[in-house]
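Keep the sequence and the coordinates side by side.

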Amino acid sequence: MEFIDLLKQRRSYRQYTEEPISQKELNQILEAGLLAPSGRNIKPEELILVTDKSILKELSNARVGASKMLEKASACIVVLGDGDQTDVWVEDCSNVILTMHYMAASLGLGSCWIQGRNRIAPNDETTEDYVRNILHFPSNMHLEAILSLGHIKEPLPPKEVSEDLLKKVHSNKY
């Protein structure tokens with residue numbers, strides 16, 4: 001598949017089948033994330049792979065209105081960044097998540113970015129604190145996002161670059 005076709009095919013999926021994802025596929029997704037670009041190659045990210053259904057269910061309440069798909073997901077990857085290492089940890093962690101999105105799509109799997117940084121859980125604590133209480137990551141690590149993963153329940157049509165999107169491209173000057 002050409003890369004542009006992969007970009008058109010990659011969609012955010014929130015509904016999954018119950019089929020598990022193989023360890024080989026999970027390892028490929030994790031490896032892709034670890035190969036993502038990083039400012040000055042500092043690599044401030046830490047990843048937590050979650051496949052335990054009871055933990056996925058707990059994490060499904062991590063965000064107001066945006067994390068319920070974790071209850072039916074086969075897995076998720078929690079992406080943390082160490083702000084003490086670099087001031088661009090958010091950008092570096094975003095590269096990690098996006099690269100894992102692409103890898104999941106290339107394997108025919110669905111994924112969805114669940115923003116964690118600057119978000120609130122239903123119990124009014126921060127999403128970061130909610131997730132920290134479940135996964136016990138240290139206080140110097142900050143939650144960027146959670147990537148849900150699963151086998152796609154119903155495929156969506158590919159995206160295309162519309163005329164409206166093309167209007168966002170400017171040459172030489174705005």
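Is E45 buried or exposed? E45 counts as buried, because its relative accessibility is 8%. Buried here means under 20% relative accessible area, exposed means over 50%, and partly exposed lies in between (1.4 Å probe, protein chains only). This is a predicted model, in which local features need pLDDT of at least 70 and side-chain atom pairs count only at pLDDT 80 or more, while totals for chains, interfaces and linings use all residues. Residues are numbered from 1 along each chain as its sequence is written, and side-chain values use heavy atoms, with hydrogens and water left out.

E45 has a charged partner. K43 forms a salt bridge with E45, with the closest N and O atoms 3.6 Å apart. A salt bridge is a side-chain nitrogen of Lys or Arg within 4 Å of a carboxyl oxygen of Asp or Glu. K43 itself is partly exposed, at 22% relative accessibility. The whole structure holds 7 salt bridges. Side chains of opposite charge can pair when their charged atoms come close.

Now move to R132. This residue lies in helix α5. Helices (H or I, at least four residues) and strands (E, at least two) are DSSP runs, numbered from the N terminus. R132 is buried, with a relative accessible area of 15%. The bridge from R132 to E128 has its closest N and O atoms 3.2 Å apart. Both residues lie in α5, 4 residues apart, about one turn of the helix. D129 and R132 also meet in a salt bridge, at 3.2 Å from N to O. They sit 3 residues apart in α5, again about one turn of the helix. E128 is buried at 17% relative accessible area, whereas D129 is partly exposed at 34%.

A polar atom of the R132 side chain lies 2.6 Å from the backbone oxygen of M141. Not counting residues up to four places away in sequence, R132 touches F137, P138, S139 and M141. Contact means heavy atoms within 4.5 Å. D82 is 50 residues from R132 along the chain, and their C-alpha atoms are separated by 14 Å.

E25 makes a contrasting case. It sits in helix α2 (residues 23–34). E25 is buried yet has no salt bridge. The nearest side chain of opposite charge, K24, is 8.4 Å away. In this count Lys and Arg are positive and Asp and Glu negative, with His and the chain ends not counted. Leaving aside neighbours within four places in sequence, E25 is in contact with L107 and L109.

Next come the aromatic rings. A search of the whole structure finds 1 aromatic pair. The rings of F3 and Y102 have their centres 5.7 Å apart and their planes at 85°, so the pair is edge-to-face. Rings of Phe, Tyr and Trp (its six-membered ring) pair if their centres lie within 6.5 Å; planes under 30 degrees apart count as stacked, over 60 as edge-to-face and the rest as tilted. F3 lies in helix α1 (residues 3–9) and Y102 in helix α4 (residues 89–106), so the pair ties together parts that are 99 residues apart in sequence. Y102 is partly exposed, with a relative accessible area of 24%.

Finally, the interior. In soluble globular proteins, nonpolar side chains tend to be buried together. A nonpolar core is a set of buried Ala, Val, Leu, Ile, Met, Phe, Trp, Tyr and Cys residues joined through side-chain atoms within 4.5 Å. The largest one has 23 residues. Those with the most contacts inside it are L59, L70, C76, V78, V131, L135 and I146. Two or more residues come from each of α3 (53–59), β2 (75–82), β3 (109–115), α5 (127–135) and β4 (141–151). The largest share, 4 residues, comes from α5. Leaving aside neighbours within four places in sequence, L135 is in contact with I48, V50, I55 and V78. Apart from this core lies another, of 19 residues, among them I21, L30, A36 and W89.

Notes:
A polar contact is a pair of N or O atoms within 3.5 Å; within protein, one must be able to donate a hydrogen and the other to accept it, and residues adjacent in sequence count only if both atoms are side-chain atoms.
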